[in-house]
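Let's take a walk through this structure together. Have the sequence and the 3D view ready, and follow along one stop at a time.

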Amino acid sequence: MKKKKNRVLLLIVLFIIILLILMAVVTMQNEKKTNTTDNPRETTYFEDSSVSKLDGMSEKDRITFYFSKYINNIENGNFETAYNMLYDEFKNTYFDTLEKFENYVKEKYPEIISVDYVSFKREGKYYIISVKILDISTNESFEQKFILREYDYDEFVLSFQAE
């Protein structure tokens, strides 16, 4: 029972740390946006025609759609694209190189990923989803939390509970 309480406490502390990192990233990104007025959008994950489709979706559908794009990139071996979807500060803290991210992904995730959405909530500008990742071939699974921030319909970043 004590181990379970310690594990829950550890998860809460990790969640708070990730949230603090995310808030710092958002602050830094807002400062960058106000300092650079002529910069075109640097990252676009969807074609312009998809913006109208995203506009018609609910918040939950959009966020799960963004998350599925991330998972699909991992599953298809497009690690650089998935890596570019991460918050910059999160990347710098946990995966300062693409190679480290790729190694993490190859160790953590199965080759064929099945995702079951456990929970979805919004806290201010952040969307927090908890998912169950299932390895179809072995029936092994684990839960992981992801935090997404949507800036516009085709502009988002994410971070996750990195262990």
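Strands β3 and β4 form a hairpin, with 2 residues between them. In this predicted model, the two strands run antiparallel and are joined by 6 bridges. To find your place, look for Ile147, which stands opposite Ser159 in β4.

Now turn to the other partner of β3. Strand β2, residues 126-135, pairs with β3, residues 141-152, in the antiparallel sense over 9 bridges. Here Ser130 has Lys145 of β3 as its bridge partner. The hairpin of β2 and β3 has 5 residues between the strands, and Asn139 takes a positive phi near 65 degrees there.

Next come the side chains. A search of the whole structure finds 20 aromatic pairs. One of them is tilted, because the rings of Tyr109 and Phe142 have their planes at 45 degrees, with centres 6.0 Å apart. Tyr109 lies in the loop between α6 and β1 while Phe142 belongs to strand β3, so this pair ties together parts that are 33 residues apart in sequence. Tyr109 is buried, with a relative accessible area of 6%. Phe142 has another neighbour to look for: the charged end of Lys108 sits over its ring, 4.6 Å from the centre. Elsewhere, Arg149 lies over the face of Tyr126, at 6.0 Å from the ring centre.

How far can you trust what you see? The mean pLDDT of the protein chain is 83, and 81% of its residues reach 70 or more. Over residues 34-49, pLDDT stays under 50. Where pLDDT is low, the predicted coordinates should not be read in detail.

Conventions:
Residues numbered from 1 in each chain as written. Predicted model: local features only at pLDDT ≥ 70, side-chain atom pairs only at ≥ 80, totals over all residues. Heavy atoms only, no water. Pairing = 2+ DSSP bridges. Helix = DSSP H or I, 4+ residues; strand = E, 2+ residues; numbered from the N terminus. pLDDT = per-residue confidence, 0-100. Contact = heavy atoms within 4.5 Å. Phe/Tyr/Trp six-rings, centres within 6.5 Å; stacked < 30°, edge-to-face > 60°. Buried < 20%, exposed > 50% of the residue type's maximum accessible area, 1.4 Å probe, protein only. Lys NZ or Arg CZ within 6 Å of the ring centre and 35° of its normal.
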